[in-house]
Each structure stands twice: as structure tokens, then as C-alpha cells.
Amino acid sequence: MSAPAAPSPARTAETRTAMAVLLALSACHLLNDTIQSLLPAIYPVLQQNYALTFTQIGVIHFAFQVTASLLQPAVGFYTDKRPMFRLSTAGMGASLLGLVILAFATHYWILIVAAAAIGVGSSIFHPDSSRIARAASGGRYGFAQSVFQVGGNTGSALGPLLAAYIVLPFGQHSIAWFSVLALVGMVLLWNVGSWAREQHLRRSAARAGKPAAGSTLSPAKVRMVIGVLAILVFSKYIYLASLTSYYTFFLIERFGISVRDAQLHLFVFLAAVAAGTLAGGPIGDRIGRKAVIWVSILGVLPFTLALPYANLFWTAVLSAIIGLVLASAFSAIIVYAQQLVPNRVGTISGLFFGFAFGIAGVGAALLGVLADARGILFVYHLCSFLPLLGLFTVLLPADNALKRR
């Protein structure tokens, strides 16, 4: 029996390059989402500095999330047809501008402008970078999405930590120091854009004269499946919005802990989200995306129902379990949807990233109004039932039904 042939040096070098691109994209996602997560992490600081209500905080978050969502499908649709390999670099520049405005804001409306600028940067970054991550996957689509997304979740976890140890002691102006992160991201994305351009030219030449890939499902079935996935994203991101935006306030009101301790608890939750994101993609590659979606959405229900009744210790434990399990869904949902419409990777990425950001923004604003009217504890009792929407997963076709034709 002959030994398997060793991979060629050219193939090995190409694999290493693709992995380096994935890691660079993950690092940029970390930088981008660190910048993003500074905003909700400093809401207690902004509340004290500007005497804000929960409703006003919700409006700031709404401004960020809506601008971070509305452009994403448009960016993805456009770059599917006409790739722009320096667009993500420009997006990171918009985030840099938002940071500087946020650091030196003097009025409430300027905070809204800063939040919107950071949102615009995010809306440009996510769909294009997700498309490039798939191009660098080597066929391991779930793994590639998880590597890409874990950078973002890690950055989201770092935001509260940096806020606790930098912004709190040094004041709102210290946010300007984080502009260095945006500059580093711009350099990395410029180099990633060069690789993406070369890959695009090579693959365009290889595909010349071949029909475009498509789904075996009918257009009506595809629309139905997209709708079900949107419901699942709604469930996941409204619940996450309740934690990322108001968890610190919940802990302070319920347990009387300090702002810094509350931010450290938020860091624990967001770190668990990062770990769950990294696990979700590779597991989906092995056992299928639908199975991961089942477990991650509906499987988290017992823990969300228990959270409002737990003491401080078990609140921390339950929030970590919720973050770990719930976060594994998004990589699976994105790859499932990309497989559903394989010739519109950027559009699908922009649609789902955009919808996730948008629904989280609307949810944060409405939850802020609800918290002002009924109290923050009522918000967590209500949101604990959201994972029941995971029952809609039964309507999704099996993974092997999403074959290309």
C-alpha cells in the first residue's frame, strides 16, 4: 500500500498564506469590536457625566447599531458585484473618527454623532471581511467564520476591561488613546486587501465560462429559510442586547456592586461569548450547522429562565454558560445561509451582520424604555423567554439538502 502523496510546497505555502490572512482578519475584527465595545462599556460613565436616562442611553445605542446595520447589506451586495479591496481600510478610518469625537464630546447630540460614526465603520468592515474570510477558508467554512468572529467577540470582551482600567480612572478624554488600535487595523486591512485582490483575479480566471453556483431549493423555500434564520437571529441578539447594554445596571441595582465590579462581570460574560464563537464553527463543520443552531438557541433556555432568580455567584456562572452556548449559533447561521445562496456571499454576510446589529439596536432602545417604565429586573424576566423562538429551527432543511447545483 503506497503512502499518501505529500502536499506540494506551493500548496503548503498557499495554505499558510490563507491562514495568515484569516488571523489578520481576526485581529482586525478584534480591533474593530474593541472600539465598538468601548461605547456600551462606558455607558455608566456617560450617564454620570451627562445625567442620562435609560431612554437616552438606548438612543445612543440605537444610533450606533442602526448605522452599523443599514449599510451592511448594501456594502455586501455592491462588493459581490464589484469588489473594493481597500473599503475595509476606509471603514476602520470612520471608526477612528468616531473615537476622537467620543473622547472630546461636549453635548449629548455629539455622543450620538460619535456613536453613528463608529457604526458606519463597523457596517463597512463586517460584510467585506466576512467574504474574504470565506475565500481564505480552504473549504472549512465554519472554521474560517469562527476564527474571524472570535476576534470580534474577544474585542467585545476587552472593551469593558479597558473601560474599567483606563477610561474610568483617566476620564472620557482617554478614549482618544484607542485611536492607535484603528491605525493598526488600517495597516493590516491594507495588506489583506492586496491578498484578496490577487485571489479575486485568480478565481475569476478559473471561473470564466462556468455557470454560477446555486441552491437546489426553490426561491420560495430559500426565502422561507432566510426568514426562519432571521427569527433565530432576532432571538439571539435581542437577548444579547439585554446583557451587553444593561447587564452592568442590572448587577448594580440587584446586588449593589460597584461600576468596576459590574464591568468585570460583563467581561466574564463576553469572554464566554468569544469562547462559544470559536467552538461553534468547527463543531458545525463536523456535525452540521442545523444541530449547532438547535443546541445553541433552544438549549440555552433553562439558563436564561434561571438567571433573574440567581444570587451574584450563580448569576456570573449562568451568564457565562449563556454566553458560551448562545454564541456558537452565529457562525453556524452565517455559513448555513452562505451555503443556501452560495453566489451571494457578501450580500448574505451583510444581510445577517446588518440585521443582527440593527435588531440589537432597536432592542436596546426598546429595552431602555421598558427599563425606565417597569424597572431593569422586569427586562430580564421578559427576555428570559426569548430562546423559545429556537423551536423555529425545526423548519430548517437538513444540511445535506443545501447542495450546490
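**Exercise 1. Surroundings of Ala 103**

Find which residues Ala 103 is in contact with, leaving aside its neighbours within four places in sequence, and decide whether Ala 103 counts as buried or exposed.

Solution. The model is predicted, and every value below is computed from it.
- Step 1: Beyond those sequence neighbours, the contacts of Ala 103 are Gln 172, His 173, Ile 175 and Ala 176.
- Step 2: Ala 103 belongs to helix H4, residues 87–103.
- Step 3: Buried means under 20% relative accessible area. Ala 103 has 0% relative accessibility, so Ala 103 counts as buried.
- Step 4: For a position elsewhere in the chain, take Gly 288, 185 residues apart from Ala 103; their C-alpha atoms are separated by 44 Å.

**Exercise 2. Helices H4 and H5**

State what span H4 reaches from its first C-alpha to its last, and what span H5 reaches. Then list which residues of H4 are buried.

Solution.
- Step 1: H4 has 17 residues, for which 24 Å is expected at 1.5 Å a residue; the helix reaches 25 Å, close to that value.
- Step 2: H5, residues 108–135, has 28 residues and an expected span of 40 Å; the model gives 42 Å, again close.
- Step 3: In H4 the buried residues are Leu 87, Ser 88, Thr 89, Gly 91, Met 92, Ala 94, Ser 95, Gly 98, Leu 99, Leu 102 and Ala 103.
- Step 4: H5 is mostly covered, with 21 of its 28 residues buried.
- Step 5: Ala 114 lies in H5 and is buried, at a relative accessible area of 0%. Not counting residues up to four places away in sequence, Ala 114 touches Gly 98, Ile 101 and Leu 102. Gly 98 and Leu 102 are among the buried residues of H4.
- Step 6: Thr 67 is 47 residues apart from Ala 114 along the chain, and their C-alpha atoms are separated by 11 Å.

**Exercise 3. Two helix pairs**

Describe how the axes of H2 and H8 cross, and how those of H6 and H9 cross.

Solution.
- Step 1: Two packed helices are described by the angle between their axes and the distance between the axes.
- Step 2: The axes of H2 (residues 43–50) and H8 (residues 219–255) come within 10 Å, crossing at roughly 70°. H2 is therefore roughly perpendicular to H8.
- Step 3: This contact has 3 nonpolar, 3 polar and no charged residues. On the H2 side are Tyr 43, Pro 44 and Gln 47, which meet Ser 245, Thr 248 and Phe 249 in H8.
- Step 4: Thr 248 is buried, with a relative accessible area of 6%. Not counting residues up to four places away in sequence, Thr 248 touches Pro 44, Ala 262, Gln 263 and Leu 266.
- Step 5: For H6 (residues 141–170) and H9 (residues 259–287), the axes come within 7 Å and cross at roughly 175°. The two helices are therefore roughly antiparallel to each other.
- Step 6: The contact of H6 with H9 has 22 nonpolar, 10 polar and 2 charged residues.

**Exercise 4. The largest nonpolar core**

Name the residues with the most contacts inside the largest nonpolar core, and the helix that gives the most to this core.

Solution.
- Step 1: The core has 111 residues, and Leu 229, Phe 352 and Tyr 380 have the most contacts inside it.
- Step 2: H8 gives the most, with 18 residues.
- Step 3: Leaving aside neighbours within four places in sequence, Tyr 380 is in contact with Ser 242, Leu 243, Tyr 246, Tyr 247, Phe 250, Leu 307 and Pro 308.

Note on methods:
Residues are numbered from 1 along each chain as its sequence is written. This is a predicted model: local features need pLDDT of at least 70, side-chain atom pairs count only at pLDDT 80 or more; totals for chains, interfaces and linings use all residues. Side-chain values use heavy atoms; hydrogens and water are left out. Axes are lines fitted to C-alpha atoms, for helices over the stretch in contact, and angles run from 0 to 180 degrees between N-to-C directions. Helices (H or I, at least four residues) and strands (E, at least two) are DSSP runs, numbered from the N terminus. Angles under 35 degrees count as roughly parallel, over 145 as roughly antiparallel, 65 to 115 as roughly perpendicular and the rest as oblique. Contact means heavy atoms within 4.5 Å. Ala, Val, Leu, Ile, Met, Phe, Trp, Tyr, Cys and Pro count as nonpolar, Asp, Glu, Lys and Arg as charged, and the others, Gly among them, as polar. The expected span of a helix is 1.5 Å times one less than its number of residues. Buried means under 20% relative accessible area, exposed over 50%, partly exposed in between (1.4 Å probe, protein chains only). A nonpolar core is a set of buried Ala, Val, Leu, Ile, Met, Phe, Trp, Tyr and Cys residues joined through side-chain atoms within 4.5 Å.
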